[in-house]
Amino acid sequence: MSLRPTVDFLLYDWLDAPSLSARERFADHSRETFDAVLDTCERIAREKYAPFNRVVDTQEPHFDGERVILPQATHDAQKAYAASGMLSAAQDYDVGGMQLPYTVEAAANAFFAMASVSIGSGMLTTGNANLLMVHGTEAQKQVFALNEFSGRFSGTMCLSEPQAGSSLSDVATRAVPDGPDFQNDPLGPRYRLKGNKMWISAGEHELTDNIIHLVLAKIPDENGRLVPGTRGISLFIVPKKLVNTKGELTGERNDVALAGLNHKCGWRGTTNTLLNFGEGKYPVNGEAGAVGYLVGQPGKGLHCMFHMMNEARIGVGMAATMLGMAGYHASLDYAKNRPQGRPMGPAGKDPAQPPVRIIEHADVKRMLLAQKSYCEGALALELYCARLVDEQHTADAATADDARLLLEVLTPIAKSWPSEWCLEANSLAIQIHGGYGYTRDFPVEQYWRDNRLNMIHEGTHGIQAMDLLGRKVLMEGGKGLSLLAGRINATIERAIQQPELAAHANALGQALAQVGAATKAAWATGEPTDALANAVPYLQAFGHTVLAWIWLDVALAAQVAPASAARAGRLAAMRFFFHYELPKIGAWLQVVSSRDQTCAALPEEAF
Ligand SMILES: Cc1cc2nc3c(=O)[nH]c(=O)nc-3n(C[C@H](O)[C@H](O)[C@H](O)COP(=O)(O)OP(=O)(O)OC[C@H]3O[C@@H](n4cnc5c(N)ncnc54)[C@H](O)[C@@H]3O)c2cc1C
């Protein structure tokens, strides 16, 4: 079974991606060029990634005391990815890019996430370099970003610390000016950093000539104190190996040391590290302290980081989606081949009959359709958000601003919904395999382990929920929420005209009204402790409503296609979502609306 027909349908029949070539930036593109990118990525993913997914799980990265060793397959896969030009796909022609719409880039990267999420397809490197292209100086772009786009260097994001995960205001890494001429370094104001960064993905390896860490740190005030809160956070480029202004390695190691590898539940093909900055293991000019170059203005580090958050979070949502999809495809294949049990007839089961394949049992079909509705719905949502990113960057000012606001509201859903429900899909894929699914002889347990990360990183589920209810639905006078409601209502108006979809259109209208009422009720006292006590059930209900909208909109496109098994499958997945999933929002919104304090008010001793 191939992912490609689903991607093609969503990109071309639903989102009309080729219409983007009417924009000046994408004028050279067409369905042909998009197809060529998809073909290449599908092929590299099939040849260089999928066959090695189990290898990278069993041959975890290890440290030999000097180097971190990864399987040869990871080196080969990442070389092939860099050679494909995908690291710089969205960049301008004059820096070697393809000016590819993000919608197509995201769709093409989906093949890698499905084939082997943990071999990785350069999301961190691209994100790191993209940030520098916006906030870096000319020299920083030339020396660091362009070498990342070519695949010569790779990138990391160093936000978290052992004591500062969700709460970045507690970042304790310090950056002090490096000598009296610190302002005059051609690579940017030069500082010395000291501190520990925890959980850093791809923080140490030998895959590239150099690793470019983007590090959040605080510059102390004149009394040596760190400014409390996030206002005091600045952003620094800290290369693992020092470079000159031509991007050549100087031969000197920067003072960044691997303190240890984290041994993870899944996603084992990517190293995960505790890094010590500036402890003196690799002194520079005889002094302890990692050399770092300031990016943007002091105190604006988080602002710079947030620049790339939308795309990073769509990337996490896409990874979760594709892990779910991998499990769906594996369990569908298994269900078509596994004989077990007899069919239920009017007189019950007839033991004299030969066994049937499990796909013939209603409950197995339920589990398959649930996976299909979660994962194909999530893929549609991610591509819709990717299309909004293109709108934000290339549409006229008013449309671009609408896209920006819609993304503000939708990004917590794009990140969190697949992290929860495509993980649930992985659990159903194990269930369909029965006992075999619980062994390492089949791939589905690995998909679940790999996917379990996504509710944790890039803002945990709880943090995303508070961001949605505490900030996003309220911002700019609730305009983002109104815009979203406008889009949902536009779909409802079209669907209500279709006899096959009218009932679902009504159900979606009611769900939207319920979400709106619950948002108001949650904030009725104006107290964040009341409103946010049930932020996660709110996120779940909001997410299910958004997915119901996406499915209804997809169904409108599916309906006009000629009769086929694929069309029947899409419409059935949409019906499944409306019949089995959307009704769940009532229970979630009940506790939100009543500002239920069952959990929040329980004293610790009662647990
Ligand atoms: C495999 C992996 C890769 C990672 N990669 C990177 C990386 O490359 N770069 C990087 O900087 N970081 C990375 N992270 C770190 C990741 O972003 C953090 O783990 C995450 O932000 C949570 O921080 P924490 O682990 O300290 O948990 P905590 O913040 O301690 O949270 C623990 C629990 O408490 C809840 N909680 C915390 N605060 C609140 C609150 N105010 N209200 C309600 N609930 C709350 C959380 O939701 C969570 O359930 C990675 C993590 C992992 C596991």
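Trainee: Where is the place of Met-1, relative to helix H1?

Mentor: Please keep in mind that this is a predicted model. Helix H1 covers residues 4-14. The place of Met-1 is therefore in the segment before helix H1.

Trainee: Is Met-1 buried or exposed?

Mentor: A residue counts as exposed when its relative accessible area is over 50%. Met-1 has a relative accessibility of 64%, so Met-1 counts as exposed.

Trainee: Which residues does Met-1 touch, not counting residues up to four places away in sequence?

Mentor: Neighbours up to four places away are left out of this list. The residues that Met-1 touches are then Tyr-328, His-329 and Leu-332.

Trainee: Where is the place of Ile-359, and is Ile-359 buried or exposed?

Mentor: Ile-359 is found in the loop between strand E14 (348-349) and helix H10 (362-394). Residues under 20% relative accessible area count as buried. The relative accessible area of Ile-359 is 17%, so Ile-359 is buried.

Trainee: Which residues does Ile-359 touch, not counting residues up to four places away in sequence?

Mentor: Leu-332, which is also touched by Met-1, is one of the residues in contact with Ile-359.

Trainee: Which residues have the most contacts inside the largest nonpolar core?

Mentor: In soluble globular proteins, nonpolar side chains tend to be buried together. The largest nonpolar core here has 136 residues. Its largest share, 17 residues, comes from helix H17 (residues 535-559). The residues with the most contacts inside this core are Tyr-374, Phe-542 and Val-546.

Trainee: How many residues does the second, separate core have?

Mentor: This second core includes Leu-132, Ala-145, Val-284 and Val-295. The number of residues in this separate core is 31.

Trainee: How many residues in the lining of the largest cavity are nonpolar, polar and charged?

Mentor: The count comes to three cavities of 30 Å³ or more, and the largest cavity has a volume of about 50 Å³. Its lining includes Glu-60, Pro-61, Leu-261 and Asn-262. The lining residues divide into two nonpolar, five polar and three charged.

Trainee: What kind of pair do the rings of Tyr-334 and Phe-442 form?

Mentor: Planes over 60 degrees apart count as edge-to-face. The ring centres of Tyr-334 and Phe-442 are 5.7 Å apart and the planes are at 90°, so the pair is edge-to-face.

Trainee: How many residues apart in sequence are the parts that this pair ties together?

Mentor: Tyr-334 lies in helix H9 (residues 309-337), whereas Phe-442 lies in the loop between helix H11 (397-432) and helix H12 (444-451). At 12% relative accessibility, Tyr-334 counts as buried, and at 25% Phe-442 counts as partly exposed. The parts that the pair ties together are 108 residues apart in sequence.

Trainee: What kind of pair do the rings of Tyr-374 and Trp-421 form?

Mentor: Tyr-374 is in helix H10 and Trp-421 in helix H11, 47 residues apart. Tyr-374 counts as buried at 3% relative accessibility, and Trp-421 is buried with a relative accessible area of 8%. The ring centres of Tyr-374 and Trp-421 are 5.6 Å apart and the planes are at 55°, so the pair is tilted.

Trainee: Which residues do ring pairs link into a cluster?

Mentor: Tyr-374 and Trp-421 are among them. The cluster linked by ring pairs consists of Tyr-374, Trp-417, Trp-421, Phe-577 and Trp-588.

Note on methods. Residues are numbered from 1 along each chain as its sequence is written. This is a predicted model: local features need pLDDT of at least 70, side-chain atom pairs count only at pLDDT 80 or more; totals for chains, interfaces and linings use all residues. Side-chain values use heavy atoms; hydrogens and water are left out. Helices (H or I, at least four residues) and strands (E, at least two) are DSSP runs, numbered from the N terminus. Buried means under 20% relative accessible area, exposed over 50%, partly exposed in between (1.4 Å probe, protein chains only). Contact means heavy atoms within 4.5 Å. A nonpolar core is a set of buried Ala, Val, Leu, Ile, Met, Phe, Trp, Tyr and Cys residues joined through side-chain atoms within 4.5 Å. On a 1 Å grid over the protein atoms alone, a cavity is a set of points where a 1.4 Å probe fits but cannot get out, and a pocket is an open set with protein on both sides within 12 Å along at least five of seven lines; lining residues have an atom within 4 Å of a point. Grid points are joined across faces, edges and corners, and a volume is the space filled by probe spheres set on the points. Ala, Val, Leu, Ile, Met, Phe, Trp, Tyr, Cys and Pro count as nonpolar, Asp, Glu, Lys and Arg as charged, and the others, Gly among them, as polar. Rings of Phe, Tyr and Trp (its six-membered ring) pair if their centres lie within 6.5 Å; planes under 30 degrees apart count as stacked, over 60 as edge-to-face and the rest as tilted.
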